[in-house]
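Here's a quick tour for anyone meeting this one for the first time. Have a look at the sequence and the model, then read on.

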Amino acid sequence: MAGQIRCHYDVLGIERDADAAIIKKAHRKLALRHHPDKTVSLNEQQREESATEFKLIQAAYECLGDPDERKWYDEHRDMILRGGMHGSDGADGESSFLYDVTPYHFSGCYDSYDDNNPDSFYSVYAECFECIYNGEKDGFISEGNIDLNDMFNAHLSEVSFGNSKSKWVDVSAFYSSWEAFSSCLSFAWVDIYHLNDIREAPSRRIRRLMEDDNRKKRKAAKKERVEEICALVRFVKKRDPRVRAQREKQLRDQAKKEAKDKKDAEERKKNREIAKQEWRIQQELAQAEQEATDLDAGRIRLADLDSDDDYDYGGKGKGRKKKKGKRRGKNNKRNDFDSEDIDEVDAPVDVTDTSAAEVENDDTDALEVDEEGNDSTPMSDDVDVVDSGSNQPDNDVDEDNDVEYDSMRSEEESESEEEPDSWRCECCRKDFKSAAQFENHAKSKKHKEKWKQYEKKLQKEAKKKAVEDLMDEIA
């Protein structure tokens, strides 16, 4: 053992009931005073004394700054300060097989971490753990056991504490074995009732009670011994430079791994974005090709597209204008005939070649090409022109014309009653091949919205026309 054992509270100059803030403040004050950088101007002897004091200050703060270590130190403070003879019977009559490890819970038990120093960290604790195992082995043999292989903690002899140059695999194996320490001793020396006392018990019940008390006592002693060794292992591991170096290495490796994972995640995210863009471009190209194919195959009727249409069918309003239907042409023909030809037929007709030619020309003009460029068939065959040589009176001519008009009108009505080739929605500017399709379209939400707009448009046009007619009347 190196150095004299001093109380941690005395080293920091604080009371035993001081809280964590007071301990920290006292440590900082003394550390600044005895730090090696602050003692450069002192002589060699003073620097050595200050370095020793600084070491004690650091050891005291490490112990009292940890709540678990401080609790254990408070419980065993008197034993630590008293020291004790290793391997000898304690004050409580403990067996010589129990190596006293209380003084090794003190950082002053070693001088340095130099392998060549006999009082170094590695030398002191290597000897300590070896003595603990030897005590276990001797106690196991003294209890009448012969084969050491039956000793369940015999594996402790296969691991060594090592030195500063030991590999981490060996260091890790040592701490793993000793952190799971369990004593193989029977702890019979802590029995309250000896064998003779149990034999002389007045009854079996009392004998069993004595045995139960002894078992409880042994169990408590064994538990205390295991906790004492495990506390020593934690104390040593916390101050082992090899463990600190490995922990720092693991932190560096973890930081590198996290940085690499973050970089890989960003790279994957970037690649996903690039893949999305490429996929989007491919889909747009595929959609454009499909639209072109649909247009070529006639899946979209370009005849339905109009520059005034509010819907976008992909043609951008550049489709051909829809020609007027056959039914509409017939209606126009009928209207033209009603408005012009009937008046001319009702009027007095001169039975001359010139007048007959004029009537024929009027009929032809009434059935000219419509506004979309569709030609209509002249109706000269349907209307009989009054012969220039006829001497019938005007009344007979009127009656004949009425009969001919009625027959022509009945024929047109019969044609109009026939089922049309297509059904057209004027507000949506769409044609349908069957009445069922037209009815389904009329029930759709888009058609209803379009129909409301169409009604507003018609009302607006009607108001505009009424204002124009009123202006014409005023003029």
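Of the 475 residues in the protein chain, 27% are buried (buried means under 20% relative accessible area, exposed over 50%, and partly exposed in between, with a 1.4 Å probe and protein chains only). Keep in mind that this is a predicted model, where local features need pLDDT of at least 70 and side-chain atom pairs count only at pLDDT 80 or more, while totals for chains, interfaces and linings use all residues. Residues are numbered from 1 along each chain as its sequence is written, and side-chain values use heavy atoms, with hydrogens and water left out.

**Overall make-up**

- The protein chain has 15 helices and 2 strands (DSSP runs numbered from the N terminus, with H or I of at least four residues for helices and E of at least two for strands).
- Take the contacts (heavy atoms within 4.5 Å) in the protein chain between residues at least 6 apart in sequence: 62% of them join residues at least 24 apart.

**Helix 6 and helix 9**

- Helix 6 (residues 121-142) and helix 9 (residues 204-239) have axes that come within 12 Å and cross at roughly 160°; axes here are lines fitted to C-alpha atoms, for helices over the stretch in contact, with angles from 0 to 180 degrees between N-to-C directions.
- That makes helix 6 and helix 9 roughly antiparallel to each other (angles over 145 degrees count as roughly antiparallel, under 35 as roughly parallel, 65 to 115 as roughly perpendicular and the rest as oblique).
- On the helix 6 side, Phe121, Tyr125, Cys128, Phe129 and Ile132 meet residues of helix 9, including Ile229, Leu232 and Val236.
- The residues of this contact split into 10 nonpolar, no polar and 2 charged (Ala, Val, Leu, Ile, Met, Phe, Trp, Tyr, Cys and Pro count as nonpolar, Asp, Glu, Lys and Arg as charged, and the others, Gly among them, as polar).

**Nonpolar cores**

- The largest nonpolar core has 33 residues, and Tyr125, Phe129, Ile132, Phe161, Trp178, Leu232 and Val236 have the most contacts inside it (such a core is a set of buried Ala, Val, Leu, Ile, Met, Phe, Trp, Tyr and Cys residues joined through side-chain atoms within 4.5 Å).
- Helix 6, helix 7 (168-179) and helix 9 each supply at least two residues of this core, and helix 6 gives the most, with 9 residues.
- Apart from this core lies another, of 19 residues, including Tyr9, Leu56, Leu64 and Trp72.

**Single residues to look up**

- Most residues other than glycine have a negative phi.
- Phe187 isn't a glycine, yet has a positive phi of about 55°; Phe187 sits in the loop between helix 7 and helix 8 (195-199) and is buried, at 1% relative accessible area.
- Arg429 also has a positive phi, about 60°, without being a glycine; Arg429 lies in the loop between strand 1 (423-425) and strand 2 (430-432) and counts as partly exposed, at 23% relative accessibility.
- Pro241 is in helix 10 (residues 241-297) and is partly exposed, with a relative accessible area of 29%.
- Leaving out residues up to four places away in sequence, Pro241 touches Tyr113, Phe121 and Tyr122; Pro241 and Tyr113 are 128 residues apart in sequence but 8.3 Å apart in space, C-alpha to C-alpha.

**Helix 14 and helix 15**

- The axes of helix 14 (residues 435-443) and helix 15 (residues 445-474) come within 5 Å and cross at roughly 70°, so helix 14 and helix 15 are roughly perpendicular to each other.
- By class, their contact has 1 nonpolar, 2 polar and 3 charged residues.
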